[in-house]
Amino acid sequence: MKKRFIACLTAAVCAVTLAGAACAESITLGGTTIPAKTVTVYAPVSGTVDTVLPEVGQKIQAGDTLYTLKTNKVYADRDGTVTGIFAQPGDDADTVVNNYGGVMFIEGTSRFTVNASTENAYGSLETKYVHVGEPVGVICRSSAARKGTGFVTSVSGTSFTVEITEGTLFLNGDSVDVYRNAEYVYEKRIGRGSISRIAPEPITAAGGIIRIAVEDGAAVKRGDLLLETVDGTFDAYAAGGTDVAAEISGVVASVSVQAGGSVQKGAAAAEIYPLDTMRVEATIPEDYVNMVREGDTVVIEAEAGEKKTYEGTVVLVSAIAEAESEETGYRIVAEFVPDDTLRFGMNMLITAGQEEEPEAAPAEETVQPSEETQETPEAENSETEKRGGRRERPGRNGDDGQQEMPGDGERPEMPGSGELPEAPDGGEPAGAPES
């Protein structure tokens, strides 16, 4: 299948910014719609194809006829009554004939025959000579009430046979006299014989029985249709008729039978692409193949016509590079549910990947001092003194809270080295060592 490479690349791999902006990773590929699967229609029975209805590429519904079979028709060869039907549609006619002697039987309007001889004919040359087809009269020798008319069906030497077509019922084995022209005149007697009942005619056929056209006990005329068969046989005695139908809705992909040709049971007769699912296949470059994984959700859109999108699922990311690609690429397949506007082989776009939500910046933690670490102003000042600092106290003179020092802010002169200030009461200087 002809495939296009990359139609449009919209992948943008962005760095994380200080502001935590969204980072989008997506890629748009040009692809083509393909069937998700192919359903093969197999011939249910062998036979000769009569007509092929759909064309390749035509949409069909489940139950629509794909092709029909010619049938072999069996007709009645005499007037009579159907006396037994031993088959039904779907049966193998050969099997039924082997088991019962016939698919059905017809009891003719002529029920009796006479096996006669000219040896007991009236003693004249004319009565000794019998002709095939000439009309005759037959009368029972033991009961004149049992009589009828018929015609000569065969002659062999002095023997001949008569088929009784009209008259009263006879008993099998009745001894009868046969007269020329049904005049029952002694001088017209052409022979003597015995009555036999004509056996019902078996109707035989071959192949799978498609249709039984008559019912048991029905009166039929010569030339009436009795049954129809096809060349092959059915499975499990289930006749599908002459029409081979599609089991699913879809598009006819191929038809393997042709009108007038033969088809064998179990052979592929047609292929159908179901319409309940569809796939899009494309080729993705090796640099971006790891952006797509099986099971990912993708957005599918037709390139032409109505801009309608479909949600699909990636069902295949091939592990083998495409041999026909000019650049190294890998086949990906996405499956989705189509609508009536889409057809196989249409150009589509597959967009894979998604925008990632920006990560929220961690909130700054505000550390609350514990009771153990909280310091009082007194403790803070004490700590300051320990470090050699000067504790500040509220001023009494200045507005700025600083205490005014003598000498315009200069430190006061201290007594000279080794000199101690005199005590106010004339005693020893303060700080003098005790004696």
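What follows is a tour from the whole chain down to single side chains.

Some ground rules: this is a predicted model, so local features need pLDDT of at least 70, side-chain atom pairs count only at pLDDT 80 or more, and totals for chains, interfaces and linings use all residues. Residues are numbered from 1 along each chain as its sequence is written, and side-chain values use heavy atoms, with hydrogens and water left out.

**Whole chain**

Start in cartoon view. The protein chain has 2 helices and 27 strands, taken as DSSP runs numbered from the N terminus (helices are H or I, at least four residues; strands are E, at least two). Of its 435 residues, 32% are buried, meaning under 20% relative accessible area; exposed is over 50% and partly exposed is in between (1.4 Å probe, protein chains only). Count contacts (heavy atoms within 4.5 Å) with a separation of 6 or more, and 68% of them join residues 24 or more positions apart.

**Colour by confidence**

Now switch to pLDDT, the predictor's confidence in each residue, from 0 to 100. The average is 81, and 74% of the residues score at least 70. Select residues 1–24: pLDDT stays under 50 there, though the model has 56 contacts beyond four places in sequence for this stretch. Residues 370–374 are also below 50, with 1 contact beyond near neighbours in sequence. Where pLDDT is low, the predicted coordinates should not be read in detail.

**The nonpolar cores**

Next, select Ile284, Val292, Val298, Ile300, Phe336 and Met348: in the largest nonpolar core, with 23 residues, these touch the most other members. A core here is a set of buried Ala, Val, Leu, Ile, Met, Phe, Trp, Tyr and Cys residues joined through side-chain atoms within 4.5 Å. Strands S1 (23–35), S23, S24 (297–302), S25 (309–321), S26 (329–336) and S27 (347–356) each supply at least two of its residues. Zoom in on Ile300, whose contacts beyond four places in sequence include Val280, Tyr310, Ala334, Phe336, Met348 and Leu349. Then jump to a second, separate core of 19 residues, where Ile60, Val244, Val252 and Ile272 are among the members.

**A buried glutamate**

Back to strand S23 (residues 278–285), and pick Glu281. Glu281 is buried, at 5% relative accessible area. What does its side chain make a polar contact with? Show Arg331: the two side chains meet at 2.6 Å. (A polar contact is a pair of N or O atoms within 3.5 Å; within protein, one must be able to donate a hydrogen and the other to accept it, and residues adjacent in sequence count only if both atoms are side-chain atoms.)

**Salt bridges**

Require a side-chain nitrogen of Lys or Arg within 4 Å of a carboxyl oxygen of Asp or Glu, and the count comes to 13.

- Glu201 and Arg78 pair at 3.2 Å, N to O. They sit 123 residues apart, Glu201 in strand S15 (residues 201–203) and Arg78 in the loop between S6 and S7. Glu201 is buried at 16%, whereas Arg78 is partly exposed at 34%.
- Asp174 and Arg146 have their closest N and O atoms 3.0 Å apart. Both are in loops, 28 residues apart in the chain, and Asp174 is buried at 8%.
- Arg192 and Asp177 come to 2.7 Å. Arg192 lies in strand S14 and Asp177 in S13, so the pair ties together parts 15 residues apart in sequence.

Last stop: select Lys73, Arg211 and Glu228, which salt bridges with shared partners join into one network.
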